[in-house]
Amino acid sequence: MNLYEELAERLKAGIRQGLYAPGQKVPSVRRFSTQQQASAATVVAAYRLLEAQGWLEAKPQSGYFVCLPDALPPRATQTCEDAAPCQVNVSGLAVQLYQATQREGLISLGAAVPHPELLPTRDLREATSRAMRRSSEASCRYSFPPGEKSLRLQIARRGAEAGCAFDPEEIQVTCGTQESIHLALRAIARPGDVVAIESPAFFGTLQAIESMGLQALEVPCDGDGISLEALAMALERWPIKAVLVVANFSNPSGSLMPDARKRQLVKMLAERDIPLVEDDIYGDLAHDRIRPHAIKAYDTTSNVLYCGSFSKTLAPGCRVGWLVPGRWGQEVSQLKYVSSMATATLPQLALAEYLVSGRYERHLVRLRRTVESNLLRAQTLIARHFPHDTRVSRPQGGFLLWVQMPQDCDAMRLYQAAINEGISISPGPLFSPQEKFRNCFRLSVALPWDSRVDNALARLGQLVGSQAIQSPA
């Protein structure tokens, strides 16, 4: 990292910590260069970098000012008393969303899929060629459970980054995290059982629960993840069979659970012998480059079924994920075999080749920097173009924003109006089995930023401020 980039990171950390409030002037170039013992040219380069990333705004003859929007989402207001286990029916709307994202020319802010331009496609192509040269016959055979050992070895090594120590033999390679979640739930629950989930929750999780005939119990979450107090109340009141959470940069809220709460959650469920399914798909995308520990890191009783994937960081189309099933290893292996028999062999071998090359970490640095910059740009534009009482999340990782509009706005009407203008979003009711969050929506910003994205967010702000998307009386 260059010196100007280091200075930018230091100032960014100060903004995050609240040392400089939105709208406040940061130290002058001369003063900051003296403080940091750096040249004025280096400080100017750092300030210009932060300006390009959306952290600072240059005002002629006045200096640089923090332009991070100060709108924050309020904490969730739901309680266990007003929630009960319920059936899930979100697949129809989810399929509609998927199909809409395939439209040519669409500005896709709805699907949580990184754009190919942000991914190391050339490196992956070369890794695939190396895998074919190394073992062309192996790439054509079935890769029966638990999957290719070369890949499982790399996944186990990367597990150490998340504070986990598991053996390659414990890992089951899957067709993405979605299959991991399906296998985990099928191993520990039966139709009619109750699964406690975060609220709001990723609609893919809801689809898995729906497809198995399970019941979902929404538990509110805040900036620190699922409310353990509300979950404890729910455990006393309802026959909960399993708990499913995304502790690191949850989809869609972006929340990050502190380590102390992760330990508490593991202890709470282990004492009740209730399995915990952890989806850690966004864990590698921490903006500050410090990879947060997985909940699995604190599991001493094999009670956590740990799910992960490369879909959000490397190659969504490869459909390669994994599951560390804890004490349900045999059940998961059998379920994997009878459900999909095997995960495609060549993508496993190619990803193993790529991970061995050591290029993944360098790619992550670039990707984290890009999505963090995009999130700040989106927050700034929302503060500028949306009604003043709009609230927006401030995730510390991932590439998703959760937007809370004024109470009289209807996200489903906004979704339809936006689609008609070539812009996709994910409406809030999609993230709740009881269709809560009618005035919320999710944005995904893992795409190359240009004027079309600027204009799309400005147009969304106009729509939110119009009468057209107000909730029916």
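Trainee: Which residue in S16 is the bridge partner of Pro 427?

Mentor: Phe 441 is the bridge partner of Pro 427 in S16. Before we go on, this is a predicted model, where local features need pLDDT of at least 70, side-chain atom pairs count only at pLDDT 80 or more, and totals for chains, interfaces and linings use all residues. Residues are numbered from 1 along each chain as its sequence is written, and side-chain values use heavy atoms, with hydrogens and water left out.

Trainee: What makes S15 and S16 a pair?

Mentor: Two strands pair if DSSP finds at least two bridges between them, and S15 and strand S16 (residues 440-444) have two, in the antiparallel sense. Strands themselves are DSSP runs (E, at least two residues), as helices are (H or I, at least four), numbered from the N terminus.

Trainee: Which strands stand at the edges of that sheet, and why?

Mentor: The open sheet has four strands in the order S12-S13-S16-S15, with antiparallel pairing. Strand S12 (391-392) and strand S15 (426-427) each have a single partner strand, so one side of each lacks a neighbour in the sheet and they stand at the edges.

Trainee: How do you know that S1 and S2 pair?

Mentor: Strand S1 (residues 56-59) and strand S2 (residues 63-66) share four antiparallel bridges, and in S2 the partner of Glu 57 is Phe 65. S1 and S2 form a hairpin with three residues between them, and Gln 61 in the turn has a positive phi of about 60°.

Trainee: Why is the contact between Glu 372 and Lys 12 called a salt bridge?

Mentor: The definition asks for a side-chain nitrogen of Lys or Arg within 4 Å of a carboxyl oxygen of Asp or Glu. For Glu 372 and Lys 12 the N to O value is 3.3 Å, so the pair qualifies. The pair links distant parts of the chain, with Glu 372 in helix H13 (residues 359-385) and Lys 12 in helix H1 (residues 3-16), 360 residues apart.

Trainee: Are those two residues buried or exposed?

Mentor: Buried means under 20% relative accessible area, exposed over 50%, and partly exposed in between (1.4 Å probe, protein chains only). Glu 372 comes out at 3%, so it counts as buried, and Lys 12 is buried because its value is 1%.

Trainee: How many salt bridges does a search of the whole structure find?

Mentor: The search finds 26 salt bridges.

Trainee: What lines the second largest pocket?

Mentor: A pocket, on a 1 Å grid over the protein atoms alone, is an open set of points where a 1.4 Å probe fits, with protein on both sides within 12 Å along at least five of seven lines; lining residues have an atom within 4 Å of a point. The second largest pocket holds about 540 Å³ of space. It has 25 lining residues, and the closest to its centre are Tyr 98, Val 113, Phe 202, Lys 312 and Arg 319. The lining divides into twelve nonpolar, nine polar and four charged residues. Here Ala, Val, Leu, Ile, Met, Phe, Trp, Tyr, Cys and Pro count as nonpolar, Asp, Glu, Lys and Arg as charged, and the others, Gly among them, as polar. H7 gives the largest share of the lining, four residues.

How values were computed. Grid points are joined across faces, edges and corners, and a volume is the space filled by probe spheres set on the points.
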